[in-house]
Amino acid sequence: MIGWRGAVRGAVTGPAVTYGVIAVCCAVFVISPVSGLNPVYGTGDALLTAQSEYFERWGVIPAELISGSPDALLTPLTALFVHGSWLHLLGNMLFLYVFGAMAEERVGQLEFALFYAGCGYLALLAYAVANAESDQTLVGASGAISGVLGAFLYLFPRARVTSLFPFLFFLPLRFPAWIVLIFWFVLQWLAAQGAGSGPGVAYLAHLVGFGVGFLYAWGRFRRSTRVKAQAAATEGERQP
């Protein structure tokens with residue numbers, strides 16, 4: 001499935017933050033032991049050990065975060081760039097690409113960067129508070145991206161997304177955004193099923209992130225006119 005960028009009123013300089021986050025997440029994953037592409041981590045048991053240590057170092061461990069460990073306080077930010085599998089990475093980056101560019105152009109680059117990091121941090125922190133004794137590692141950008149989806153739903157309630165779904169033979173079809181959002185949650189569930197013994201998937205973090213994003217957009221833009229145009233454009237095109 002590929003995304004689109006819709007018409008945005010006013011001067012914009014492009015969704016550099018969205019594309020930058022995608023590039024960094026992909027680069028981090030490729031060089032990590034999780035991708036299986038970096039020979040420095042070896043194979044077999046050595047690779048599994050490296051993966052476990054990688055998740056523990058950069059992921060969120062609720063019990064450590066709640067204990068107030070200085071190092072742990074940064075993990076909700078580092079965990080946003082760590083993913084547990086190829087499916088986990090591709091699913092998250094796909095939806096950030098689809099929804100992030102248009103949301104960023106509406107919000108602005110700097111504000112969007114702070115919003116993205118804030119949603120991700122609060123989502124993982126909320127999960128840690130609710131599971132304060134857990135030592136299961138949590139990684140991924142899902143909480144932050146859920147925030148983007150929540151903001152998108154408020155800002156563009158009637159938006160339609162031009163998408164390519166593999167199970168529909170990659171035919172370009174237009175869907176209401178809410179249908180694509182449901183597909184995102186299904187994709188997250190599938191990623192969880194294939195995660196094996198890797199880091200956990202925090203569905204509470206998804207809900208918190210989505211709620212924070214929606215409330216942020218409501219508070220920030222409730223006095224301005226929301227974008228209600230239903231027209232869509234494929235990537236590389238821009239409407240007047």
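Visitor: Does Glu111 count as buried, partly exposed or exposed?
Guide: The model is a predicted one. Buried means under 20% relative accessible area and exposed means over 50%, with partly exposed in between. Glu111 has a relative accessibility of 24%, so Glu111 counts as partly exposed.

Visitor: Which residue does the side chain of Glu111 meet in a salt bridge?
Guide: A search of the whole structure finds one salt bridge. In this salt bridge the distance from N to O is 2.7 Å, and the partner of Glu111 is Arg220.

Visitor: How many residues apart are Glu111 and Arg220?
Guide: Glu111 is in helix α6, which covers residues 109–130. Arg220 is in helix α9, covering residues 203–221. The pair links distant parts of the chain, and the separation is 109 residues.

Visitor: Is Arg220 buried, partly exposed or exposed?
Guide: A residue is buried under 20% relative accessible area and exposed over 50%. Arg220 has a relative accessibility of 41%, so Arg220 counts as partly exposed.

Visitor: What pattern of helices and strands does the chain follow?
Guide: The chain has nine helices and two strands. Read along the sequence, they follow the pattern α-α-α-α-α-α-α-β-β-α-α.

Visitor: What share of the residues in the chain is buried?
Guide: A residue counts as buried when its relative accessible area is under 20%. The chain has 240 residues, and the buried share is 45%.

Visitor: Which residues make the nonpolar surface patch?
Guide: Helices α1 (16–31) and α5 (86–107) each supply at least two residues of the patch. The patch has an area of about 490 Å², and its residues are Val30, Ile31, Leu37, Trp86 and Leu90.

Visitor: Is Val30 buried, partly exposed or exposed?
Guide: Val30 lies in helix α1. At 37% relative accessibility, Val30 counts as partly exposed.

Visitor: What is the distance in space between Val28 and His83, C-alpha to C-alpha?
Guide: Val28 is also a residue of helix α1. With a relative accessibility of 25%, Val28 counts as partly exposed. Val28 and His83 are 55 residues apart in sequence, and in space their C-alpha atoms are separated by 8.9 Å.

Visitor: What distance separates the C-alpha atoms of Phe115 and Ala151?
Guide: Phe115 is placed in helix α6. Its relative accessible area is 7%, so Phe115 is buried. Along the chain, Phe115 and Ala151 are 36 residues apart, and their C-alpha atoms are separated by 9.9 Å.

Visitor: What distance separates the C-alpha atoms of Ala159 and Trp178?
Guide: Ala159 is in the loop between α7 and β1 (160–164). Ala159 is buried, with a relative accessible area of 6%. Ala159 and Trp178 are 19 residues apart along the chain, and the separation of their C-alpha atoms is 8.8 Å.

Note on methods:
Residues numbered from 1 in each chain as written. Predicted model: local features only at pLDDT ≥ 70, side-chain atom pairs only at ≥ 80, totals over all residues. Heavy atoms only, no water. Salt bridge = Lys/Arg side-chain N within 4 Å of Asp/Glu carboxyl O. Helix = DSSP H or I, 4+ residues; strand = E, 2+ residues; numbered from the N terminus. Buried < 20%, exposed > 50% of the residue type's maximum accessible area, 1.4 Å probe, protein only. Patch = residues over 30% accessible without salt bridge, like charges linked within 9 Å, V, L, I, M, F, W, Y side chains within 5 Å. Areas by Shrake-Rupley, 256 points an atom, 1.4 Å probe, with all protein chains shown as cover.
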